[in-house]
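Good morning. I will walk through one structure, going from the backbone to the salt bridges, a cavity and a surface patch. Please look at the screen first.

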Amino acid sequence: MSRISRCTRSALALCIAAGLCAPAWAQDEAGARTPGKVRDGIDLTLDFVGNVASNPVGGVEQGTEGSYWVMAQSKFDLDKLFGVHNTDVDLQWAWFAGRNLAREKIGSSISAQQTWRPVAGGRLTRMTVRHRFDNGLSITAGRAPVNSYFNNSPLNCVFMSNAMCLTPYGAITDLGITAYPNSSWAAILRYDVNDRWYAQTGAFDYNNDLNKAGKNGLDFSFGEGTGTIVPFEVGYQTNAKNDPLPRAYRVGVYHNSDGGKSPYWDINGNPAGLTGKAFASQDGSRVGWYAMADRTVWKQGPRSLALFARYYVNTGNDAPIDYFASAGFVKTGTFAGRDRDTLAMFVSNTHFSDSQQAYLRDRRIRNGGSGTPDNNEIIAELSYGWAVHRGVRLMPNLQYIVHPDPIYAPTRTTDIPDALVVGLRVDVHFAQLFGW
């Protein structure tokens, strides 16, 4: 078994210790954050999220890995501070560290840890200015990731698996949408028809070089991207103020003018799995559609039961994933006196394209194996969110992966055994912990 890095273990230990010394309280429903108010018009958030995951069964080999992030955010209401009507500034920074169990031990591409990122270290994740007009229209401009505004739901991150948190799987792999913590120049236009219906669209620079090590989100160059991502979303959503059983329904589409890479052919027009050469670039564009539904079906005081479903389908250029689907529930309020604890579960199916699986088949043949991996990777997670103290939540969880994809097991010649993952997520929201 590999060891969790010292910095990961130390950070987890410090945060758990801090939580155990804090006064008891009931955390916000489903683990939602409440920013701290330093003064009227300034909200500060400082969060720590740590993940530890182990696979005692299945995968290429067994082991344990840990990862974490620290996120700091400052929101400035310019109306309250300087009298600039309906205008605010949002700055967000994050630090990432740790290793990925799925890549290192299981060999698959869907991380069991939502805190892991391929580039470690600090990164400016958001720097935006938003102005809200009095007619329901708002404009946001600056540096931002697509998934902070589109195809987003607070229920996604009641889980630890990256199949659900932060964005339901598929769009990042197929479309290359910028996803937290990666950001690019962006402009977002939103129109709230009323307190329930809205429509929004945007334009995001597509530049993969911004995500490389050493950039840290601080490369502000213009016009060096290879395409533009344009999402569009229509939604209907309610809240506790206007609906006894809040709900949200969203339908959207992504379009990336960069055609992406072929999942099968190499730069010379031959099967990349057999030649080992780089994938060929594709003309045209990448397009994907999504739909999501959240529905509270029972609510009594702070206790509630919410059901949800997610769907994504690729309709553009050939890509690794044809579609992704998931469904589950979040029960807030469990045992007597545990009104803020959560019990949650989801089951998902990632359906890989025939081209992707043909590439993996050819790669097996090149390494002396045979057979084709299954097109469907099914992941289930059962988690319990324990609101230990004010601002501190522990979330033990079990994940089971059926037909793990072998994308990060390049020399594998047979199917990877189904994997059981035992995980622990730790959330510390310092604004709540210290009563900012």
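Let me start with leucine 166, which sits in the loop between strand S6 (137–144) and helix H4 (171–175). Helices (H or I, at least four residues) and strands (E, at least two) are DSSP runs, numbered from the N terminus. What you see is a predicted model, in which local features need pLDDT of at least 70, side-chain atom pairs count only at pLDDT 80 or more, and totals for chains, interfaces and linings use all residues. Residues are numbered from 1 along each chain as its sequence is written, and side-chain values use heavy atoms, with hydrogens and water left out.

Back to the loop. The peptide bond from cysteine 165 to leucine 166 is cis, with omega near 15°. A cis bond also joins tyrosine 180 and proline 181, with omega about 15°. Proline 181 is placed in the loop between H4 and strand S7 (184–192). For background, most residues other than glycine have a negative phi, and most peptide bonds are trans.

Asparagine 216 is not a glycine, yet its phi is positive, about 60°. It lies in the loop between strand S8 (197–206) and strand S9 (227–237). Histidine 403 has a positive phi too, near 60°, and is found in the loop between strand S18 (392–402) and strand S19 (419–429).

Is asparagine 216 buried, exposed or partly exposed? Asparagine 216 counts as partly exposed because its relative accessibility is 30%. Buried means under 20% relative accessible area, exposed means over 50%, and partly exposed is in between, with a 1.4 Å probe and protein chains only. Histidine 403, at 33%, also counts as partly exposed.

Now one distance. Asparagine 270 is in the loop between strand S11 (261–266) and helix H5 (272–275). With 37% relative accessibility, asparagine 270 is partly exposed. Asparagine 270 and proline 404 are 134 residues apart in sequence, and from C-alpha to C-alpha they are 26 Å apart in space.

Next, salt bridges. Side chains of opposite charge can pair when their charged atoms come close. The rule used here asks for a side-chain nitrogen of Lys or Arg within 4 Å of a carboxyl oxygen of Asp or Glu. How many salt bridges does this rule give? The count comes to 17.

One of them pairs lysine 105 with glutamate 61, and the closest N and O atoms are 3.5 Å apart. This pair links distant parts of the chain: lysine 105 is in helix H3 (residues 101–106), glutamate 61 is in the loop between strand S2 (42–57) and strand S3 (64–77), and they are 44 residues apart. Lysine 105 counts as buried because its relative accessibility is 8%, while glutamate 61 is partly exposed at 38%.

Another bridge joins glutamate 104 to arginine 99, with the closest N and O atoms 3.2 Å apart. Glutamate 104 is partly exposed, at 38%, and arginine 99 is partly exposed, at 35%. Glu65, Arg99 and Glu104 are linked in a network of salt bridges.

In the bridge between arginine 361 and aspartate 362, the closest N and O atoms are 3.0 Å apart. Here arginine 361 is partly exposed at 30%, but aspartate 362 is buried, with a relative accessible area of 4%.

A cavity is a set of points, on a 1 Å grid over the protein atoms alone, where a 1.4 Å probe fits but cannot get out; lining residues have an atom within 4 Å of a point. The structure holds 1 cavity of 30 Å³ or more. The largest cavity has about 40 Å³ of space. Its lining is made of Leu360, Arg363, Arg364, Pro406, Ala409, Pro410, Arg412 and Thr414. These divide into 4 nonpolar, 1 polar and 3 charged residues.

Last, the surface. Leu343, Met345, Val347, Ile378, Leu382, Leu398 and Val422 make a nonpolar patch of about 500 Å². Strand S16 (342–352) and strand S17 (376–389) are the elements that give two or more residues to the patch. Patch residues have over 30% relative accessible area and no salt bridge, and nonpolar side chains are joined within 5 Å. S16 gives the most, with 3 residues. Valine 347 is found in S16, and valine 347 is partly exposed because its relative accessible area is 40%.

Technical notes. Patches are made of residues with over 30% relative accessible area and no salt bridge: like charges are joined within 9 Å, nonpolar side chains (Val, Leu, Ile, Met, Phe, Trp, Tyr) within 5 Å. Accessible areas come from the Shrake-Rupley method with a 1.4 Å probe; for residues, only the protein chains shown count as cover. On a 1 Å grid over the protein atoms alone, a cavity is a set of points where a 1.4 Å probe fits but cannot get out, and a pocket is an open set with protein on both sides within 12 Å along at least five of seven lines; lining residues have an atom within 4 Å of a point. Grid points are joined across faces, edges and corners, and a volume is the space filled by probe spheres set on the points. Ala, Val, Leu, Ile, Met, Phe, Trp, Tyr, Cys and Pro count as nonpolar, Asp, Glu, Lys and Arg as charged, and the others, Gly among them, as polar.
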